[in-house]
Amino acid sequence: MKTLSAILIAIMALPQTASAQINYPTTPKDNTVDVYFGTKVADPYRWLENDTSKATAEWVEAQNKVTDAYLSKLPMRKKILTRLRQLLNYERIGIPFKRNGKYYIYRNNGLQNQSVLYTMDKPGSEERVFLDPNTFSDDGTVALQEVSFSHNGKYVAYSISRSGSDWREFYVIDLATGKLLDDHIQWAKLSGASWQGDGFYYSAYDAPKGGKEFSNVNEVHKVYYHRIGTPQSEDVLFYQNPAYPKRFYSVWVNEEETMAFLFESGEEAGNNIYVRDLRKKDSQFIQMTSDMKYSYSPVETMGDTIYLFTNHNAPRNKLMKTTIGAPGLKDWKEVMPETDIVLENADVIGGKMILTYSKDASSHAYVHDLDGKRIGEVKLPMIGSVVFSGKKDDKECFYYFTSYTVPGTVYSYDIDRNESSVFAAPKVPFNIDDYTSEQVFFTSKDGTRIPMSITYKKGMKKNGRNTVLIHGYGGFNIALTPYFSASRVPFLEQGGIFAEVNLRGGSEYGEEWHQAGTKMQKQNVFDDFIAAAEYLIAEKYTDSAHLAITGGSNGGLLVGACMTQRPDLFAVAVPQVGVMDMLRYHKFTIGWNWASDYGTSEDSKEMFEYLYGYSPLHNLKPGTAYPATLVTTADHDDRVVPAHSFKFAATLQACQSGSNPTLIRIDTKSGHGSGKPLAKQMEEQADIYSFILYNVGKKK
């Protein structure tokens, strides 16, 4: 392989307009070839997988210089960034929650990089700062991830992430004094803190090798017990299973500390669950389930009774109950059977159950008694999404409601009277009534009916030339439900239309909908997305010259697959932190856990050929005119490692035959997206919107 010392020298000064010829850095190739079931597959940019090498660092710097120069010349970028700062400068409020007799709530006063956690004696009383993550770092790149209060009211453990990494660190505060204790846990991942007595359980991996913290495969997930006042080196190894190094394990203890649950996942789409009676000395965990095709989750415990949420033999979910004396699945009894719409969530609040259902990706909520009898419906303001908060023995109940045109609003809910009142509503610095949202349904390639939500400024005319941005995800049983984002407003103000598609692979219609977008049926997801674009063109919302697509993570894969399968259909593509190499994704960090949705290139010849047939990296063809493309990734992304985007961008630049830009934006001190400071979010969004608008012909 050639040295990269010449790369920086090879970059010529860009012309003064963004549309002029771009001089991309030269990306050397090597002779790496893999053989899959007799098929040779070249991987000439394999060297970019080494994220700590000098050569990769030089390549990143060179690419960023080209991208930054292009983006800085976009005529609308400064205007959009200024508008974003204006639009996001309003107070955003979370949903109150109660712990040990006090209430807590997250607030952001507008342009704070991270939301602040406040405490209050009762709802509506004076609020005091409890944790301000903006003090954790000067640039907002250290984020507060989770807080967990001890059941005895003495401590709180909180976790942080640095620069967007999935690695977690835990710290502990003494609630009586407010003092930060010496306790410090490192290298936790996919873990909260679950308290028992004066200590808590957490899940972690062995410390990674220096320099490989964000790329090496994570194996043998371990559960530890940490006792307050002791160093991490003395933490007790509570559970591990080296026979299955690529499984996840965690422990949850109920509020009364009478039961402990052990969770096991990572094999298929679901999990197994075990329970232990903490009232009995020397009791052991008893296996409750034995099939990881299904999901099982305890909702609440009431004395000896355990309420459980599951999709076992119920693709649209159901609610069950059993006792700790008869925990096996065969003894579970049905509380709420499966219905024709998806049971989304269950909460026990004030001695009643609030069940949230999803119909066509919109929330509906009902109150039931503990035996499952319906008492009434919670009347929500409109089509949207809802989340409830409350304790099983308390009457206080709150819910958070949002939709595409309604900013997140907190309601206080009187369960006995079935009455809601606004607890906190944001005052946004623009007129919400200027915008509207509609839900439409279209037919995919195989005849499946797919929902899509379309948001735009009132007065929009179907002239066939509007700028449309389509967003999708389509995987891992994750639903895209209505939510408000002020950051969309600058795009809508420019006459843009935002369309979000509920693709197969998500949970919008239950597990069958999810499975219809996995493994050998993954093409359904791409067909759904392509059909959404064709529908919007046929219905005169837009045309191919004004159509942009975006998605992150699995959604980045979606964008990459669709732009390689139908490069003629889209004007602009923005694949964000995407899974682009479907033959090697499982070889980095926790990528192996995605096999339940994707399968792997090592499973079988048929699975390899299927993945090879749509893998974005491997389906870029020389001499093809691809859409204007802005690939985004980040240097601390240890979920979808940046090598995916590096190799895709390098290959795309080599294959692009048209004049459209093919750029990669590599953020620093950022990860997959969680915990990203607001300042960085606004910069990225300004880059994306200005890139889209410029490349569909909007110059000012």
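Reader: What share of the 700 residues in the chain do buried residues make up?

Author: Buried residues are 58% of the chain's 700 residues. The model is predicted. A residue counts as buried when its relative accessible area is under 20%.

Reader: How do you know whether His-644 is buried or exposed?

Author: The relative accessible area of His-644 is 3%. The cut-off for buried is under 20%, so His-644 is buried. His-644 belongs to helix α10. Beyond four places in sequence, His-644 touches Gly-578, Val-579, Met-580, Asp-581 and Tyr-585.

Reader: Why does Lys-698 count as it does, by its relative accessibility?

Author: Lys-698 has a relative accessibility of 29%. Buried requires under 20% and exposed requires over 50%, with partly exposed in between, so Lys-698 is partly exposed. Lys-698 sits in the segment that follows α11 (678-695).

Reader: Which residues is Lys-698 in contact with, leaving aside neighbours within four places in sequence?

Author: They are Met-76, Thr-467, Gln-494 and Leu-693. A contact here requires heavy atoms within 4.5 Å. As for Glu-127, 571 residues from Lys-698 along the chain, the two C-alpha atoms are 46 Å apart.

Reader: What does the secondary structure of the chain come to?

Author: The chain has eleven helices and 39 strands.

Reader: Among contacts between residues at least 6 apart in sequence, what percentage join residues at least 24 apart?

Author: That percentage is 57%.

Reader: What makes a space a cavity rather than a pocket?

Author: In a cavity a 1.4 Å probe fits but cannot get out, whereas a pocket is open. The whole structure holds four cavities of 30 Å³ or more. The volume of the largest cavity is about 80 Å³, and its lining includes Tyr-404, Phe-430, Arg-488 and Leu-492. By class, this lining has seven nonpolar residues, three polar and one charged.

Reader: Which residues line the second largest cavity?

Author: Among them are Asp-34, Tyr-36, Val-41, Ala-42, Arg-584 and His-618. The second largest cavity holds about 40 Å³. Both β1 (33-36) and β2 supply at least two residues of its lining. The lining residues come to four nonpolar, one polar and five charged.

Reader: What volume does the second largest pocket have, and which residues are closest to its centre?

Author: The second largest pocket has a volume of about 280 Å³. Of its 15 lining residues, Ala-42, Pro-44, Leu-617, Leu-620 and Thr-651 are the closest to the centre. The elements giving two or more residues to this lining are β2 (39-42) and α10 (643-655). The most comes from α10, with four residues.

Reader: How does the lining of the second largest pocket divide by class?

Author: This lining has ten nonpolar, two polar and three charged residues.

Conventions:
Residues numbered from 1 in each chain as written. Predicted model: local features only at pLDDT ≥ 70, side-chain atom pairs only at ≥ 80, totals over all residues. Heavy atoms only, no water. 1 Å grid on protein atoms, 1.4 Å probe; cavity = no way out; pocket = protein on both sides within 12 Å on 5 of 7 lines; lining within 4 Å. Points joined across faces, edges and corners; volume = space filled by probe spheres on them. Nonpolar A, V, L, I, M, F, W, Y, C, P; charged D, E, K, R; others polar. Buried < 20%, exposed > 50% of the residue type's maximum accessible area, 1.4 Å probe, protein only.
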